[in-house]
Amino acid sequence: MEKHFLQDLMEGEPEFTPEPWYNPVGDCIIYKMADEAVVADRVDELLTIYRSAVDQRPIGFKIKDVQAIIRRFGLQGLAVSSEADVQSVKSISVAVVLLAAYEEGRPSVSRRKAYASVMCPAEKTISAEDLQPV
Amino acid sequence: MAKDPTLWTVNPEDPEGSKVEATIPFWWASKLYKTSPVDFENLRAVKFVLENVDRIFRDIREFNKGGWCFTGRPERWCIRNESIEVPFPPEHVLAVYMNPRLWVFDFQAERASPDDPCSPVDWQNRYGALIWKSTSSKT
């Protein structure tokens with residue numbers, strides 16, 4: 001295979017890390033549980049489910065417009081209770097962000113099923129420090 | 001930190017005019033390298049799309065004004081491990097998303113629209129407007 005056009009800029013070996021992360025330019029939380037190409041299955045304005053390009057199984061999701069969700073609910077409203085105090089929020093629950101995103105849209109059976117399908121994998125946290133917009 | 005690499009692409013503000021540089025943020029490419037090597041590999045497909053654009057859409061988010069979606073159809077992409085390349089699936093497009101300053105921040109394969117094989121499904125409701133079609137792409 002031809003050399004990757006960005007290879008010379010990278011250091012170390014590539015690695016797969018199945019943890020959610022915040023993309024400040026895209027203002028979205030990304031979570032992939034398998035290192036496979038995905039086909040986007042757009043549920044609504046805020047949630048996209050990632051389906052494996054290999055066998056169509058769901059292997060992750062993207063939650064968009066995270067800053068709008070934070071503005072509406074506040075970091076305290078999205079915090080993991082054991083990791084927050086009155087002054088500071090150390091980390092937020094991705095599952096709570098997902099629930100907050102669900103509340104932004106009209107209730108429907110298809111949306112409820114889609115959000116429920118990624119709720120278990122979403123039982124992760126993300127550092128509040130990482131949630132800084134650009 | 002390394003300089004952010006750039007690629008020449010169609011200027012969405014003046015599609016028939018001179019090309020402009022789109023930026024692949026170094027931090028983002030590094031993040032893909034360290035979290036999802038397959039996605040890093042598929043930056044090759046992103047490069048292909050930016051150099052062979054089929055459609056350009058503007059206003060890509062409800063809560064954030066501006067931004068661009070460029071679509072195209074790479075011939076091949078990587079689906080598993082870094083070395084397993086296969087033909088890009090039929091009836092799909094690769095959508096590359098950029099902020100108003102033409103910084104790439106995301107890409108994804110999406111089902112193609114039934115009314116246009118070069119546009120993502122439901123493009124009429126998802127974006128502000130289709131602003132440019134390649135004359136060499138399928139219609």
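Trainee: Hi! Which residue in S8(B) is the bridge partner of A:Val39?
Mentor: In S8(B), A:Val39 has B:Ala109 as its bridge partner. Strands here are DSSP E runs of at least two residues, and helices are H or I runs of at least four, both numbered from the N terminus.

Trainee: How many bridges join S3(A) to strand S8 of chain B?
Mentor: There are 2 bridges, and the strands, with S8 of chain B covering residues 104-113, run parallel. Two strands count as paired when DSSP finds at least two bridges between them.

Trainee: What kind of model is this?
Mentor: It is a predicted model: local features need pLDDT of at least 70 and side-chain atom pairs count only at pLDDT 80 or more, while totals for chains, interfaces and linings use all residues. Residues are numbered from 1 along each chain as its sequence is written, and chains are lettered from A and ligands numbered from 1 in the order in which they are written.

Trainee: What is chain A built from?
Mentor: Chain A has 7 strands and 3 helices. Along the sequence their order is β-β-β-β-β-α-β-α-α-β. Its C-alpha atoms fill a box of roughly 50 × 35 × 25 Å along the principal axes.

Trainee: And what share of chain A is buried?
Mentor: Of its 134 residues, 34% are buried. A residue is buried with 20 or more other C-beta atoms within 10 Å of its own, exposed with 12 or fewer, and partly exposed in between, with C-beta atoms placed from the backbone.

Trainee: Back to the two chains. How many residues are in contact?
Mentor: On chain A 28 residues are in contact with 40 of chain B. The elements of chain A giving two or more residues to that side are strand S1 (21-23) and strand S3 (38-42), and S3(A) gives the largest share, 3 residues. Contact is counted when C-beta atoms, placed from the backbone, lie within 7 Å.

Trainee: What does that side look like by class?
Mentor: It has 16 nonpolar, 4 polar and 8 charged residues. Ala, Val, Leu, Ile, Met, Phe, Trp, Tyr, Cys and Pro count as nonpolar, Asp, Glu, Lys and Arg as charged, and the others, Gly among them, as polar.

Trainee: What does H1(B) pack against?
Mentor: Its buried residues pack against S1 of chain A together with H2 (37-41), H3 (43-51) and S8 of chain B. Those buried residues in H1 (residues 26-35) of chain B are B:Trp28, B:Ala29, B:Leu32, B:Tyr33 and B:Thr35.

Trainee: New topic: which residues are buried in helix H2 of chain A?
Mentor: In that helix, residues 94-104, they are A:Val94, A:Val97, A:Leu98, A:Ala100 and A:Ala101. Down the axis of H2(A), its buried residues fall within an arc of 160°, so they line one face. The arc is taken from the directions from the helix axis to the C-beta atoms.

Trainee: Is A:Leu75 partly exposed or buried?
Mentor: A:Leu75 is partly exposed, because 15 other C-beta atoms lie within 10 Å. A:Leu75 sits in helix H1 (residues 66-78) of chain A. Leaving out residues up to four places away in sequence, A:Leu75 touches A:Ile70, A:Val89, A:Ile92 and A:Ala128.

Trainee: Where is A:Val43?
Mentor: A:Val43 is in the loop between S3 and strand S4 (47-52) of chain A. With 20 other C-beta atoms within 10 Å, A:Val43 is buried. Not counting residues up to four places away in sequence, A:Val43 touches A:Thr48, A:Ile49, A:Arg111 and A:Ala114.

Notes. Contact = placed C-beta atoms within 7 Å.
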